[in-house]
Amino acid sequence: MGPRRLRRAVALAGAVAVAVAGTTVAAVGVPAAFVLPARTGEVTRLFDPPELPWARGHRGVDLTAGVGARVVAPAAGEVVFAGRVVDRQVITVRHADGALSSLEPVAATVALGDLVPRGGELGTVTAEGAAHCSGGCLHWGLRVAGTYVDPLAGLGTPPVVLLPSGALLLDDDGAQARHGGGVHLGDAGLRH
């Protein structure tokens, strides 16, 4: 398994873990039609909620994104905050169902009260978040009814597919691999 496939599997595992724990996308009200707010974003750090609301944890996901990378709205909504929080610029979008997506560090190209479509430009990544992650990243947090939830759950999960032992799979590059059978989480990069 290459690094790209491993990152995809780790991100998918986070989304599946939410469902397995009994907190499905529908149960927490996470919109299932999200897009990644950074088109170049690979997940570099997963959601790791604290055990207690005030305790240490990672209340969102980090996506690779260099300084100047375009940041888009993960779902349609209204810009309810665009400004500085401590040492970085933050944009918060309230989605139709009340969920709040917060993105940082982002230099806004939108203003408070602007309505943005899903995938609509919000701004660009700034260098201010260097202390948060090395190499540049976009942090995406999602709150539903005041509670942080895993934003990756809103991307939807691929279907679970049962494959016979020895099934031939093709990856994104057309390379072939034999499957050992059992449960396989469907992956857009695998054609069965």
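Modeller: Let us begin with a term: a salt bridge here is a side-chain nitrogen of Lys or Arg within 4 Å of a carboxyl oxygen of Asp or Glu. Please keep in mind that this is a predicted model. With that cut-off, Asp 87 forms a salt bridge with Arg 88, as their closest N and O atoms are 3.3 Å apart.

Biologist: How many salt bridges are there in the whole structure?

Modeller: A search of the whole structure finds 4. Salt bridges with shared partners join Asp 87, Arg 88 and Glu 104 into one network.

Biologist: Is Arg 88 buried or exposed?

Modeller: Arg 88 is buried, because its relative accessible area is 15% and buried means under 20%. Glu 104 is buried as well. Asp 87, by contrast, is partly exposed, with a relative accessible area of 41%.

Biologist: Which salt bridge does Glu 128 make?

Modeller: The side chain of Glu 128 meets that of Arg 84 in a salt bridge, at 2.7 Å from N to O. This pair links distant parts of the chain: Glu 128 is in the loop between β9 and β10, Arg 84 is in strand β4, and 44 residues separate them. At 23% relative accessibility, Glu 128 counts as partly exposed.

Biologist: Let us turn to the strands. How many bridges join β4 to β5?

Modeller: There are 8 bridges between β4 and β5, and the two strands run antiparallel. Within this pairing, Ala 82 stands opposite Ile 91 in β5. The two strands form a hairpin with 2 residues between them, and in the turn Val 86 has a positive phi of about 55°.

Biologist: How exposed is Val 86?

Modeller: Val 86, in the loop between β4 (77-85) and β5, has a relative accessibility of 77% and therefore counts as exposed. Together with Phe 81 and Val 85, Val 86 makes a nonpolar surface patch of about 280 Å².

Biologist: What else does β4 pair with?

Modeller: β4 pairs with β8 in the antiparallel sense over 2 bridges. There, Gly 77 stands opposite Val 116 in β8.

Biologist: And where is Val 110?

Modeller: Val 110 is in the loop between β7 and β8 (115-116). Apart from neighbours within four places in sequence, its contacts include Val 79, Ala 82, Ile 91 and Val 116. Ala 82 is 28 residues from Val 110 along the chain, and their C-alpha atoms are separated by 7.7 Å.

Biologist: Which strands pair with β9?

Modeller: Strand β3 (residues 70-72) pairs with β9 (residues 121-125) in the antiparallel sense over 3 bridges. Strand β7 (residues 106-108) is also joined to β9 by 3 bridges, again antiparallel. Thr 124 in β9 takes part in both pairings: Thr 124 is the bridge partner of Arg 70, and Ala 107 stands opposite Thr 124.

Biologist: One last topic. How many aromatic pairs does the structure hold?

Modeller: The structure holds 1 aromatic pair. Phe 34 and Trp 140 form it edge-to-face, at 5.3 Å centre to centre with 80° between the planes. Phe 34 lies in the loop between α2 (25-28) and β1 (43-45) and Trp 140 in strand β10 (residues 137-144), so the pair ties together parts that are 106 residues apart in sequence.

Biologist: Are those two residues buried or exposed?

Modeller: Both Phe 34 and Trp 140 are buried.

Technical notes. Residues numbered from 1 in each chain as written. Predicted model: local features only at pLDDT ≥ 70, side-chain atom pairs only at ≥ 80, totals over all residues. Heavy atoms only, no water. Pairing = 2+ DSSP bridges. Helix = DSSP H or I, 4+ residues; strand = E, 2+ residues; numbered from the N terminus. Contact = heavy atoms within 4.5 Å. Phe/Tyr/Trp six-rings, centres within 6.5 Å; stacked < 30°, edge-to-face > 60°. Buried < 20%, exposed > 50% of the residue type's maximum accessible area, 1.4 Å probe, protein only. Patch = residues over 30% accessible without salt bridge, like charges linked within 9 Å, V, L, I, M, F, W, Y side chains within 5 Å. Areas by Shrake-Rupley, 256 points an atom, 1.4 Å probe, with all protein chains shown as cover.
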